[in-house]
Amino acid sequence: MIDFIYGLMRAGIPVSVHYILEFYRGLRAGIAPDLDRLFLFARLVFVKKVEHYDAFEQVFRHVFLGDPSVDPEDWEALLTGKPFQEWLRRQVESGRLPLEALREFDNEELLERFWRTVMAQDGEHHGGNTWVGTGGRSPFGHSGRHGGGIRVYGESLHGTAQKVIGARRYIQYSDETPLRSENLRQVLSTLKSLRPVGPENELDVDTTIYRTAKNGGEIELVFQRELRNRVELIVLVDNGGYSMVPYVDLVKTVFNKIRDCFRDVRFYYFHNCIYGTVYADPQRRQPVSWEKLLASGKKTRLIIIGDANMAPAELMASYGSIDPATAIRKPGFVWLRELREAFPVSVWLNPIPRDHWPWNSPTIGRIGDIFHMEDLTLGGIKNATAYLNIQGQGVDQAA
Amino acid sequence: MQNVCESSPMRFEGTDRYYLNSELREIVNIAIAMGKPLLLTGEAGTGKTQLAFEIARALNLRMEEARCKSTFKGEELCYVYDTVLRLNDSRFGSGDTGRDVNNIWDYIRFGPIGRAFTCEDRRVLLLDEIDKTDSDTQDNLLDVLEDGAFIIREINHKIRAKQRPIIIITSNAKRELSDPFLRRCFCHYIPFPGPEEMVKIVRLHYPDIPEAFLHASLETFYRLREEGFEKPPATAELLDWIGAMRAGGVRGPGAGKDVAHIGTLLKRTQDILKFKGIRKALRF
C-alpha cells in the first residue's frame, strides 16, 4: 500500500491524507470486496482528473496486479498492516506518542498520523533510518492467502480492472500527450479558465433605495450590469517550419472555438523568427506594423506558437532573416525582447516535446530565456494558462 | 467484514431504458454507499444527465434537478428570499394570496437543494452542468452539500438535511473545475461507448432493427468519428441518424461519400463540406 501511495505521488497524482482515510473508511465498510471494485474505488478516491487515469492505471497494475501476496479479502491489513504497527510501536517507545493518547485516539486519528509521516517522506528514502520503510519485497507479510491467488478473472466484475488497464483507454488524456483532435476538449476547458466571469445582473441596492425614496415610497428597482473582465488575445503562429505543420490546423481550431470567451482573438503569422513585422494572413502578404502590434501590449495576452528552432544566425546575427532579401539589421533576439517587454503577459508554446529542447536547437534555450516556454501538450498548455493568469493578475492590478 | 454493497437496500442495478455497463454501475453504488457526490464528466451524449434520472427511477426516489447557469451564485439553489414581492405586498397589500407580509417564511422559496434537504424522503439531487457556474459558486455549493446544511441569512436560520440526498453532478468540462471542488467529489469520466456497448444502446431504442443494418450503420458511424471532424458525431446523432434512415425507408447506411441523411450526423457546415471532399479555401 505504501508502494501504491508513493507510486501515485511519483506519477504526479496529488494524494492527500484525507483520501487515504476515506479509502480506509470505504475498505472497512466493505466497499471493495474484490480487485475490480478495489480498482474502481481507488480510482474514485484518488484520481480526480481524466488526465491522471492512465498514470493511475499503470501504478495500480504495477502494485496490485503484479504482486500475488496482495489478498483482496483482507484489504484492511494493507492500511493497518505491519508498517503501521511497527510505526505505532516505535512512536510509543520513543515517547512521541504517550500510551494514554493511544486510548484516546481512535484508529482513524492514528492512521492519519501514520500516513502523514509516510507522505512527508518524499518516497525516495526507502529503507533508510526513517520511521517507515517498505523494507523487503513483501512488507505486509500476511500468510492467510486464500489459495489460488487473487480473483481477477471470471467470478467478479468480468475482470474490469484487468480489461480496463490492459487497454490504456485514457492515454490520450494524459498530461504528457501532445495536442490532438481527441483531446481538444481538455485544452479548451483549460484555456477557458483564462478569463474570470461573473454573474451579469445585480440589484443596485443603493440606487434602488435612493430612487424609491425620491419616488415617495413607490418602489423602483435599479439593476446594474456587473462588469465582465474580458481579455484580448493575440496568437502569433509560426507557419513556416515543417515541425509546425501537424499543429497549425489544430491550433487554429482551438483558438477559434474559444473566440467567444475573449473580447477579441487575433491571429498573426511569422516565419521562424520575428523581425519587426508579423502578418495578418497565412501567406504572409499583409504586414502588420510593429508599432501597432506593440501598442496593444498592456491589455492583451500574447501566445506565441512556434518551434523556436532555427539556425543560430537567424536569431543572433544582423540581417539574420531566412529571407535572403532582408534589409533588417536588428537581429531576431532583439525584436523578440522588445515584444516580450511590450507584452507583459505572454507565453511561448512549442510543439517540440520539452525533453527534446536541449538537443534540438540552441535557439530554443535562447528564446526560452526571453519568453516563458511550455510545450504543446495538455500539461504544457495548462502550465501556460496558469502562467498567463498569474502574470495577468499582476498587470491588471497595477493598471 | 460486512459487505455493504450487497446488503445495502440502496443498490442501483440499471433500468430497462438505459444501458449501463458494470463499471459505471459499481461506481454509482460506491458513491451511494460512501455518501459522496458523484461528479460525471465526459463527452456529450454519454448519458451523464440521464444517469441521474435513471438512478431516481431505479431506486424509486424523487428527483430534484438544478440546471446551472453562469449567473448562479449558489444560494438560489438553496433558497430565494423574494424581497421584491415582499416590498410589493407591503406597499399594495398581499390581497387574497394568503401571504402575510409580517411572516418572512411566506417569502422564502426553496430551491432544489433546499427542497432535497427539507423533504422527508431521500431524493436524488442533480446539479447539471456545474461547470457553467464560477468557481466560488462551486465551492459554496460543496460546503452546503458536505455539511448537509445551509443558513437562511436573513433570519439566521439553519436548515439541516433530514435525509442526505444522493448527489449527482455533471460537467461538460467547459471550464476546469477547481481542485478543492474535485477533492470533495468522486469523479468519474465516462468514456465514449465502444461498438459492443453501442449495439446494446441502439437496441434499447430500436429493438427491432435488423442485425446487418445495425452493424453497417455502426461501422460508418465509428469511421466518421475517427476522421477528426470539428464536432464528431455522438450517441444522440447516431440515434437520430438511424431513426431518420428507418423513417425514410433507406435500406442501408450507404458507403463512402454516399451516406444517407448525413445532415443528422454532422452538424457543422465545415464538417459536411470536409466530408463531401470540398475543402473550403481555409488554409493557414
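# A guided look at a two-chain model

Visitor: Which strands does helix H3 (residues 48–59) of chain B lie across, and how does it run to S8(B)?

Guide: Helix H3 of chain B lies across S1, S2, S5, S8 and S9 of chain B, and it runs at about 165 degrees to S8(B). Such angles are taken between N-to-C directions and go from 0 to 180 degrees, with axes as lines fitted to C-alpha atoms, for helices over the stretch in contact. The names come from DSSP runs, numbered from the N terminus (helices are H or I with at least four residues, strands are E with at least two). This is a predicted model, in which local features need pLDDT of at least 70 and side-chain atom pairs count only at pLDDT 80 or more, while totals for chains, interfaces and linings use all residues. Residues are numbered from 1 along each chain as its sequence is written, and chains are lettered from A and ligands numbered from 1 in the order in which they are written.

Visitor: What makes S2 and S9 of chain B edge strands?

Guide: The open sheet has 5 strands in the order S2-S5-S8-S1-S9 (chain B), with parallel pairing. Strand S2 (62–67) and strand S9 (186–190) are its edge strands, each pairing on one side only. Neighbouring strands of this sheet are turned by 20 degrees against each other on average, with direction ignored. Helix H2 (residues 22–34) of chain B also packs on the sheet, where it touches strand S1 (38–42), S8 and S9 of chain B, and its direction makes about 165 degrees with that of S9(B).

Visitor: Why is strand S3 (residues 232–238) of chain A called largely enclosed?

Guide: A residue is buried if 20 or more other C-beta atoms lie within 10 Å of its own, exposed if 12 or fewer, and partly exposed in between, with C-beta atoms placed from the backbone. In S3(A), 5 of the 7 residues are buried, so the strand is largely enclosed by the rest of the structure. S3(A) pairs in the parallel sense with strand S4 (residues 264–270) of chain A over 7 bridges, and A:Asp238 stands opposite A:Phe270 in S4(A). S3(A) also pairs in the parallel sense with strand S7 (residues 300–305) of chain A, over 6 bridges, and there A:Glu232 stands opposite A:Thr300.

Visitor: What makes helix H3 (residues 35–46) of chain A mostly covered?

Guide: In H3(A), 12 of its 12 residues are buried, among them A:Leu35, A:Arg37 and A:Phe46. The helix reaches 16 Å from its first C-alpha to its last, close to the 16 Å expected, where the expected span is 1.5 Å times one less than the number of residues.

Visitor: Why does B:Ala161 count as buried?

Guide: B:Ala161 has 20 C-beta neighbours inside 10 Å, and therefore counts as buried. Its place is in the loop between strand S7 (157–160) and S8 of chain B. B:Ala161 touches B:Phe117, B:Gly148 and B:Ala149, not counting residues up to four places away in sequence, and contact requires C-beta atoms, placed from the backbone, to lie within 7 Å.

Visitor: What pLDDT do chain A and chain B average?

Guide: pLDDT is the predictor's confidence in each residue, from 0 to 100. Chain B averages 79, with 88% of the residues scoring at least 70, and the mean for chain A is 69, with 57% of its residues reaching 70 or more. Over residues 123–164 of chain A the pLDDT stays under 50. For the complex, the predictor gives an ipTM of 0.76 and a pTM of 0.61.

Methods
Pairing = 2+ DSSP bridges. Contact = placed C-beta atoms within 7 Å.
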